Amino acid sequence: MKTKLAIRLASVVGVLAIVLSSTMLLAADTPTPTTQSEAGGIWLVGDHHMHTRSSDGSHYVTYDIEHSTDYGLDFITVTNHGGQANQPLIDEEYDIIEALRKQNPDLLIFHGFEWNVPSGEHATFLVIPSASENDRAQVNEFMSLYDQSLNPEANTEEKAIEALEYAEQMNPQPIIIINHPSRKGKYSTSEIRAYAEAGDVAIGFEGAPGHQANPDRGSYPAEEPGSSRTYGGYDKMTAEVGGLWDTLLDEGIRWFITANSDFHTHFTEGGDDFWPGQYTKMYVFASEKSYRAIAEGIAAGKVFTVSGDLIDKLDFTASNGNAQAMMGETLLGRSGDDVKVTIRVHDPNGLNNNYDNPALKQVQLISNASGDPEIVRVFTSADWQRDGEDLVMTHTFNDVGGDFYLRVRGSNTEELNPSEDPYGESAWNDLWFYSNPIFIEVD
Ligand SMILES: [Zn+2]
């Protein structure tokens, strides 16, 4: 990252840019750019966090997997809770999962476990399957050494960092994603920053928690000090502009968001959950449909998340005329560049899994280009242009003078900032999508 001075210089330019680009948008027809996502790979849809009877889920893994295929998912992840009682069951389940992979060649089934992080929250420990017999042994070894429930004496942040450094040495490296970060108020900015800086394996946190059918959305009752309810179904760390996530991005830290079902028990069976993919989807840009390519896409932040199938496509790119970057990537350029942002979304015409056809009301561009993270621009139907079935929006930051980042979100509501979700709210009425950031770095 550049110094704060450079960012402050950029801020002056940024304000001008907003005015200029608004005028430009009115004046000119937006060309149709070919984005990277139409060339170098495919978007796949999946879930990185669900449970079965090997811990506290209601169903055997075979049953869950049959239902996961109902909602158009390309991949799911079986992540039962770490701990003494569960460890042998998780181990046994690996054999079943291997058989299920052969029976369901179109559905990629990751396994792993939900790590009880020392002094922290739960985390998805996602394993990239390889041909090595050592995979399972090394995951079991990690769990034995670092799952907090098995090592109650080592309940410290230092132990969590040691675990991340240990995981960094594993081959293949796992992916670690912090689950429901604001549920119990366990995290400060410095603790998440320390995770992000402890190597490559901790890549981000849930932007939106699972358990969206719980009357306290996300099962976030906010009963503990420092905990929070959800905002538009998203965790406050992600939903609050200038909140914890933006603080890290503003420092140039690559920290990404995801979303998942945290499926245990369906709401029609008395549980808190929608089936994987029924309400929440995570779209991942992958070079091909394989375990490794999906994992690489997640780790690189080439991910957007959406609830209620509000959108089913997001091409979000930034270009300086010489190069182009998508979500998770860094656009390298020079001071004085004009950086053009293109947001192309598709709002599907069909019914979602609540038999609604929610309409996208707004798309927001969020950036720290002018100093502090803020909503730079709100696009509505008055601003976006139709290109076939897609809605296209552009915005240009002229004559940039420092490093910054960009991210977008949108909703079927007109709320500028999502309000705190009240008890009993229907998740289907308050839908949002969130992108991951694009970073801009200039010499
Ligand atoms: Zn879970």
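**View 1. The largest nonpolar core of this predicted model has 108 residues.** Ile175, Ile176, Val284, Ile438 and Ile440 have the most contacts inside this core. Domain 1 (1-30 + 309-415 + 423-443) and domain 2 (42-307) each supply at least three of the core residues. In soluble globular proteins, nonpolar side chains tend to be buried together.

**View 2. The surroundings of Ile176.** Residues up to four places away in sequence are left out of the count. Ile176 then touches Ala123, Thr124 and Phe125, along with Leu164 and Ala167. Val201, Ala202 and Ile203 are also among its contacts.

**View 3. Helix H6 (residues 189-197) and its buried residues.** Ile192, Tyr195 and Ala196 are buried in H6. They lie on the same side of the helix because they cover an arc of only 100° around its axis. An α-helix has 3.6 residues a turn, so residues three or four places apart point the same way. The packing partners of the buried H6 residues are helix H5 (157-168), strand E6 (202-208) and helix H8 (244-250). Gly199 follows H6, and its phi is positive, near 90°.

**View 4. An open sheet of five strands.** The strand order is E11-E10-E13-E17-E16, with antiparallel pairing. Strand E11 (324-326) and strand E16 (385-387) form the edges, each pairing on one side only. On average, neighbouring strands of the sheet are turned by 30° against each other, direction ignored.

**View 5. The pairing of E16 with strand E17 (residues 390-397).** E16 and E17 run antiparallel and are joined by three bridges. Arg386 stands opposite Leu391 of E17.

Note on methods. Residues are numbered from 1 along each chain as its sequence is written. This is a predicted model: local features need pLDDT of at least 70, side-chain atom pairs count only at pLDDT 80 or more; totals for chains, interfaces and linings use all residues. Two strands pair if DSSP finds at least two bridges between them. Helices (H or I, at least four residues) and strands (E, at least two) are DSSP runs, numbered from the N terminus. Axes are lines fitted to C-alpha atoms, for helices over the stretch in contact, and angles run from 0 to 180 degrees between N-to-C directions. A residue is buried if 20 or more other C-beta atoms lie within 10 Å of its own, exposed if 12 or fewer, and partly exposed in between; C-beta atoms are placed from the backbone. The arc is that of the directions from the helix axis to the C-beta atoms. Two residues are in contact if their C-beta atoms, placed from the backbone, lie within 7 Å. A nonpolar core is a set of buried Ala, Val, Leu, Ile, Met, Phe, Trp, Tyr and Cys residues joined through C-beta atoms within 7 Å. Domain bounds come from an automatic or database domain assignment.
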